[in-house]
Amino acid sequence: MTRLLATADDRLPLPRVDGRIIDAIHQSGLVGRGGAGFPTAIKWRAVADRSRGNAVIVVNGAEGEPRSEKDRLLMTTRPHLMLDGAFIAARVLKARRILLYIGERHESARQSMLRALGQRDEPERALVSFAAAPARYVAGAEMAAIHFLNEGIATPTTTPPYPFERGVDGVPTLVQNVETLARVALIARGTPADTALITLAGAVRQPGVVEVPSGTTLGEALRLGGGATESPRAVLVGGYFGSWMEPRVAWPAALDRDLRLGCGVIGVLPASRCPVCETAGIMRYLASESSAQCGPCFFGLRALADASSRIAEHGSSADDLRRLQRWATEVRGRGACKHPDGAVTFLASALTVFANEFAQHEAHEAREVQLSA
Ligand SMILES: Cc1cc2nc3c(=O)[nH]c(=O)nc-3n(C[C@H](O)[C@H](O)[C@H](O)COP(=O)(O)O)c2cc1C
Ligand code: SF4
């Protein structure tokens, strides 16, 4: 098994690469590990076709997802592998800048990348500069990263133009997650990692990052983290833009084949916690992280968070549940970025998996109204 996380980050000579690496990336089936799961080779081709020796590579190490740790761990422990991926991208796409966009709170990751860069002697070293990504959820979105790098404002802008058309400095730009670039470096050496990188969170004995062989089931990955601390009610697969799943459905699912892993966070919700309250809390967080530029996102997510909180706190009107379902479909696809889509994907899964609990909260409220009448 080839692994991504090794105990020592060996600095190996950069492999010779040309445009054929894009075919190798395509054949490997590599998709982005920042959350969206977009095929990496398509992005590389789009930039390669337009670059006139002026492309920009943005290494996305913002890691704004609250429970995710894998990108920080990779930057801290495998900085050379990350740089290899970025240098290969710069060579193949004929770039003149490489920007390391690292979360402002991820100080040890930044230090590690700085140290590793000081040990490099390839010409690409001169192309590199660092930028501190603001600690906001949407700052990691690719259009927000480009906006920040161009104008110092980390809010998404509308597309088109897409990054491969006009990104940083108005030139073709590749924005790629750090794990994706590390995987490219292994593909270029002919040793793609046949593993999945997961951050275990919530009611797990040993939360943190695990690397598991391809085909590992979610239940087996959780066992590597010492298992659940108590009987689980549900699992959130893919972080705050992910979906809740019933344990009996999630446990036998192969992580990298059967599930939409998104940013790779697996969160375990124990049976002792109220799933409606958890859902309302995450909706409140996602609403507060809207960059307030698009009405359906700003007002829609706030309304959804308010309605979820009312239901959670047993103060809902009888119509809240129906409204929640209707508004969730109305918000989708109505923002400049995918923030509202991620939030309503999460909410829709909650309304399905926790249908009974949502209904019980409503019934409880109806009983209270009857008793007080
Ligand atoms: C609201 C929002 C936040 C995001 N945050 C991150 C992030 O912190 N890190 C990241 O790599 N991608 C993040 N993404 C995904 C990026 O927009 C982009 O798809 C990714 O960096 C591209 O790299 P990849 O193809 O290697 O995944 C976010 C997307 C959205 C909509
Ligand atoms: S959809 Fe939301 S987060 Fe995205 S740009 Fe619009 S207001 Fe900002």
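Colleague: What percentage of the 373 residues in the protein do buried residues make up?

Modeller: The model discussed here is predicted. A residue is counted as buried if 20 or more other C-beta atoms lie within 10 Å of its own. Among the 373 residues of the protein, the buried ones make up 50%.

Colleague: Which radius of gyration does the protein have, and why does it agree with that of a compact globule?

Modeller: The C-alpha atoms fill a box of roughly 80 × 45 × 35 Å along the principal axes. For 373 residues, a compact globule would have a radius of gyration near 21 Å. The value for the protein agrees with this, being 22 Å.

Colleague: How many helices and strands does the protein have, and into which domains is it divided?

Modeller: The protein has 15 helices and nine strands. The chain is divided into domain 1 (20-188), domain 2 (195-270) and domain 3 (275-372).

Colleague: How many residues of domain 1 and of domain 2 are in contact, and which classes make up the side of domain 1?

Modeller: The C-alpha centres of domain 1 and domain 2 lie 26 Å apart. Across this pair, 11 residues of domain 1 are in contact with 14 residues of domain 2. On the side of domain 1 that touches domain 2, the classes are one nonpolar, four polar and six charged residues.

Colleague: Which residue of β4 is the bridge partner of I57?

Modeller: Strand β1 (residues 55-61) pairs with β4 in the parallel sense, over five bridges. Within β4, the bridge partner of I57 is L174.

Colleague: Which residues are closest to ligand 2, and which elements give two or more residues to its shell?

Modeller: Ligand 2 is surrounded by 15 residues, of which S291, C294, C297, G335 and C337 are the closest. Two or more residues of this shell are given by each of α12 (295-312) and α14 (339-353).

Colleague: How many charged residues does the shell around ligand 2 have?

Modeller: At least three residues of this shell come from each of domain 1 (20-188) and domain 3 (275-372). By class, the shell has nine nonpolar and six polar residues, and the number of charged residues is none.

Colleague: Why is helix α6 described as largely enclosed, and what covers its buried residues?

Modeller: Helix α6 (residues 142-151) has 10 residues, and eight of them are buried, so the helix is largely enclosed by the rest of the structure. The buried residues are E142, M143, A144, A145, I146, H147, F148 and L149. After the helix comes G152, with a positive phi near 80°. The cover over the buried residues of α6 includes β1, β2 (95-103), β3 (128-133) and β4.

Colleague: Is Y101 buried or exposed?

Modeller: Y101 is found in strand β2. Leaving aside neighbours within four places in sequence, the contacts of Y101 include V58, V59, A131, A145 and L149. Within 10 Å of Y101 there are 25 other C-beta atoms, and the cut-off is 20 or more. Y101 is therefore buried.

Colleague: Is S129 buried or exposed?

Modeller: S129 lies in strand β3. S129 has 10 C-beta neighbours inside 10 Å, and 12 or fewer is the cut-off for an exposed residue. S129 therefore counts as exposed.

Colleague: What percentage of contacts in the protein join residues at least 24 apart?

Modeller: The contacts considered are those between residues at least 6 apart in sequence. Of these, the share that joins residues at least 24 apart is 72%.

Definitions and conventions:
Residues numbered from 1 in each chain as written. Chains lettered and ligands numbered in written order. Predicted model: local features only at pLDDT ≥ 70, side-chain atom pairs only at ≥ 80, totals over all residues. Pairing = 2+ DSSP bridges. Helix = DSSP H or I, 4+ residues; strand = E, 2+ residues; numbered from the N terminus. Near = placed C-beta within 6 Å. Nonpolar A, V, L, I, M, F, W, Y, C, P; charged D, E, K, R; others polar. Domains from an automatic or database assignment. Contact = placed C-beta atoms within 7 Å. Rg over C-alpha atoms; globule rule 2.2 N^0.38 Å.
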